[in-house]
Protein chains: 2
Amino acid sequence: MSLTAKSRTLDRIDLAILDALQKNGRISNVNLAKQVNLSPSPCLDRVKRLEADGFIEGYYAKLSEQKLNQSLLAHVQVSLVTSNTSVFKTFKEHIVKTPQVVECDMVAGGYDYLLKVRVSDMNEYRQVLGDLVDIPGVGTHHTYMVIEKVKEDTGLRIDL
Amino acid sequence: MSLTAKSRTLDRIDLAILDALQKNGRISNVNLAKQVNLSPSPCLDRVKRLEADGFIEGYYAKLSEQKLNQSLLAHVQVSLVTSNTSVFKTFKEHIVKTPQVVECDMVAGGYDYLLKVRVSDMNEYRQVLGDLVDIPGVGTHHTYMVIEKVKEDTGLRIDL
DNA sequence: GAAAATACCGCAGAATATGCTGGTTTAATT
DNA sequence: AATTAAACCAGCATATTCTGCGGTATTTTC
């Protein structure tokens with residue numbers, strides 16, 4: 001028994017299904033079947049298998065940032081003064097419970113973090129940043145405020 | 001007649017629907033209706049209206065980065081030497097047609113860009129970066145390779 | 001070349017989506 | 001405060017879709 005999970009190879013049809021679903025997560029099974037030149041039954045079987053095998057992690061509605069008043073976006077680079085376990089634990093706990101932080105990546109050697117912060121306006125941003133720098137262990141930080149979104153690609157690249 | 005588009009106010013039920021859909025984009029309408037204490041018909045009416053009014057932009061399947069072999073992630077900070085229109089145009093054209101660049105934000109005063117690059121391995125990254133720095137007008141750049149994803153929140157914050 | 005496994009299709013019953021109607025509540029106007 | 005108008009909701013009916021099952025064809029394995 002191998003260490004890696006059984007990972008069946010995907011044929012052209014599987015890839016076409018994945019691509020279709022990541023572009024339209026609510027397509028009906030009959031239409032999906034038409035699109036990949038299959039009848040509904042085997043198409044559904046494949047979708048179920050792709051879900052069970054973990055290729056599809058979930059389905060989500062994308063909501064409008066503008067309409068819901070969360071269109072101000074900032075990237076924040078944060079350095080911790082040490083990579084000490086308890087410092088990181090405190091930092092992570094704060095990040096996780098701050099809903100405006102929508103993404104947090106540990107980068108480079110373990111002291112630096114890149115956050116993506118989504119807020120409605122500068123006032124809210126100032127408050128989030130204020131709380132952030134008060135976390136013990138937080139050293140330098142730098143804000144990159146987003147002026148214009150040049151490209152955004154939800155979805156992975158699929159070579160058909 | 002006002003300049004802003006008609007934007008009806010959302011009540012508690014609308015917000016509950018949006019929240020449910022951004023957590024499970026494939027929930028059936030009857031189950032969604034149960035969840036928000038409505039009968040199916042008015043629930044579907046509301047969903048349709050939320051879509052028409054632009055609160056819901058689309059539905060997408062989230063695919064596994066690991067399973068599809070695109071699990072290496074880098075943030076790249078790039079500065080252009082001038083904000084000259086033609087320099088930016090060339091830059092943007094290159095970004096848009098490079099599938100590994102999944103996100104590109106113009107930040108700060110207009111010379112700096114933050115890219116998010118998704119690749120399968122370091123070889124592919126080296127190639128993407130090589131092509132990037134060859135674009136005329138590209139000055140300094142710095143790579144933040146992601147070691148660990150601390151937090152990732154797809155979906156917006158909804159106060160019920 | 002035979003046997004087994006796999007993938008596909010069509011069909012049928014169950015579940016769901018969706019348009020329509022009528023009744024109720026809420027809000028606006030006089 | 002009464003009347004009108006508007007919005008909203010539930011229930012029903014029809015059309016569509018989902019989904020499991022059995023049968024057939026194709027591919028793989030021995």
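1. Among the contacts in chain A between residues at least 6 apart in sequence, 62% join residues at least 24 apart, where two residues are in contact if their C-beta atoms, placed from the backbone, lie within 7 Å. This is a predicted model, in which local features need pLDDT of at least 70 and side-chain atom pairs count only at pLDDT 80 or more, while totals for chains, interfaces and linings use all residues. Residues are numbered from 1 along each chain as its sequence is written, and chains are lettered from A and ligands numbered from 1 in the order in which they are written.

2. Chain A holds 5 helices and 5 strands, and from the N terminus on its elements follow the order α-α-α-β-β-α-β-β-α-β; helices (H or I, at least four residues) and strands (E, at least two) are DSSP runs, numbered from the N terminus. The radius of gyration of chain A is 21 Å, well over the 15 Å that the globule rule gives for 160 residues, so chain A is more spread out than a compact globule. That radius is taken over C-alpha atoms, and the rule is 2.2 Å times the number of residues to the power 0.38.

3. The C-alpha trace of chain A spans about 60 × 45 × 25 Å along its principal axes. Of its 160 residues, 25% count as buried, a label given if 20 or more other C-beta atoms lie within 10 Å of a residue's own, with C-beta atoms placed from the backbone.

4. Chain A and chain B each bring 51 residues to their contact. On the side of chain A that touches chain B, the elements giving two or more residues are helix 1 (12-23), strand 1 (56-63), helix 4 (85-97), strand 3 (101-107) and strand 5 (138-152) of chain A, and strand 5 has the largest share, 9 residues.

5. Strand 3 of chain A pairs with strand 5 (residues 138-152) of chain B in the antiparallel sense over 5 bridges, pairing being assigned if DSSP finds at least two bridges between two strands. A:D105 stands opposite B:K149 in strand 5 of chain B.

6. The residues around DNA strand C include A:I13, A:S41, B:N29 and B:L44, a residue being near a strand if its C-beta atom, placed from the backbone, lies within 6 Å of it. Two or more residues come from each of helix 3 (40-52) of chain A and helix 2 (29-35) and helix 3 (40-52) of chain B, and helix 3 of chain B gives the most, with 3 residues.

Definitions and conventions:
A residue is buried if 20 or more other C-beta atoms lie within 10 Å of its own, exposed if 12 or fewer, and partly exposed in between; C-beta atoms are placed from the backbone.
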